[in-house]
Amino acid sequence: MEDLRRVDQEVFALVQQEEQRQAHKIRLIASENYVSAAVLQATGTVLTNKYSEGYPGKRYYEGQQIIDQVETLAIERARALFGAEHVNVQPYSGSPANLAVYLAFLSPGDTILGMALPHGGHLTHGSPVSISGKYFNAQSYQLNPETGLLDYEAIRQKAIECRPKIIIAGHSAYPRILDFPKFREIADEAGALLMVDMAHFAGLVAGGAHPSPVPYADVVTTTTHKSLRGPRGAMILCREKHAQAIDKAVFPGIQGGPHDHTTAAIAVALKEASTQEFKAYARQIVANARALAEVLMMRGYRLITGGTDNHLMLVDLTNKGIAGKKAARILDNAGIVLNCNAIPNDPRKPFDPSGIRMGTAAVTSRGFKEAEMAEVGRLIDTVIADPDNEAVQARVAAEARQLCAGFPAPGLEHIA
Ligand SMILES: *Cc1c(COP(=O)(O)O)cnc(C)c1O
């Protein structure tokens, strides 16, 4: 980054500091990852200079000889990897992808049914503060208060009662596998379209470590930068009969020119996600989550649903006498980065909830296996057991750094 250093010392220094942070800390934020050096390089190319409103073969500006091939490559790779009839790779991120689906199928005031935000749903699934909750009649389903699990019979009842045009399955904080055939059945019974938002677990689907929603859903949205390990972006996968409605909703419905450098990096990430190595990666993400969950439960932590089937877990800290926000802050001091998170029926406020969420996609990318996850669990417990002891936090930060040193992160191999 010689030119960046010369032109802008300040930004260069900040990027360097962020590289250090990502290299030396144990990153457990469930939505984050480390992309490969190849994905980083594709993101930083001259493709950012191009304007290409429209779709391959149907553009509004000239000079698309190369860009058409880049976008077609990304589309074809996504179709092959996920077995989808049609794919749009242009959404700027997960939120606009979801908005495009609503624009394609809904009018203002129409009813949607999604998982409640405090129960693990996403803002864009109908939260009152989101456009999805302001412009549509957003109804929500919740987790069973006893089990912390999705209650499909309750979802069915709710769907029959409110007759949504779209039922949304998908989450940002649910540690179990979703029953897509069941969601399909409910959608059919209620006369609704089924939209699955697989933003969090798309990498597991790509690697065969989570069932695929594609055969069951009318539309599947996903970010490309979480477990799928690509650049920041999104895709919409759908049946051929919805292709035109989806494409029109993305452009010109809510977006202008696609980010072609991102499209190129998505193509690279999809190539990587089609390999045997990625299958092993996806399986290891799940094995690592199980290993961390077991260590924590052995040490008396209460996991929502009693464990995990995917890449993430949600921990209720009530019995440990510490709130989520403080736990997240002291762990960050100790070189372990995660976020506080509401638990089902949380008695506390969303900004300082009772739980923490953690995921294993990023640490698995740097090569952590079950043994390292056991070590991570021990470090977490050491910090939480003595929450006001800054010396303990400093000691654990050194141990965390030591642990990371043995596993250089993708894209950061040059960091000592
Ligand atoms: C992260 C996420 C999104 C939104 O993605 P952004 O890229 O942050 O806009 C949408 N849906 C779910 C379920 C997510 O977890």
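A polar contact here is a pair of N or O atoms within 3.5 Å, where, within protein, one atom must be able to donate a hydrogen and the other to accept it. By that rule, nine residue pairs, both members at pLDDT 80 or more, are in polar contact across the interface of domain 1 and domain 2. Keep in mind as you look around that this is a predicted model.

Let's start with the overall layout. The protein chain splits into domain 1, covering 40–273, and domain 2, covering 277–405. Their C-alpha centres sit 28 Å apart. To the contact, domain 1 brings 27 residues and domain 2 brings 26 residues.

How much area is buried between domain 1 and domain 2? The figure is about 2,100 Å², with carbon and sulfur atoms giving 59% of that area. On the domain 1 side, Pro 175, Arg 176 and Arg 229 together account for 30% of the area buried against domain 2, more than any other three residues.

Across the interface of the two domains, the rule finds one salt bridge.

Which helices supply at least two residues each to the side of domain 1 that touches domain 2? They are α9 (202–206) and α11 (260–273). The most comes from α9, which gives three residues.

Here is that side of domain 1 by residue class:

| Class | Count on the side of domain 1 that touches domain 2 |
|---|---|
| Nonpolar | 14 residues |
| Polar | 10 residues |

Notes
Residues numbered from 1 in each chain as written. Predicted model: local features only at pLDDT ≥ 70, side-chain atom pairs only at ≥ 80, totals over all residues. Heavy atoms only, no water. Domains from an automatic or database assignment. Contact = heavy atoms within 4.5 Å. Buried area = accessible area lost by both parts, 1.4 Å probe. Salt bridge = Lys/Arg side-chain N within 4 Å of Asp/Glu carboxyl O. Polar contact = N/O pair within 3.5 Å; in protein donor to acceptor, adjacent residues only side chain to side chain. Helix = DSSP H or I, 4+ residues; strand = E, 2+ residues; numbered from the N terminus. Nonpolar A, V, L, I, M, F, W, Y, C, P; charged D, E, K, R; others polar.
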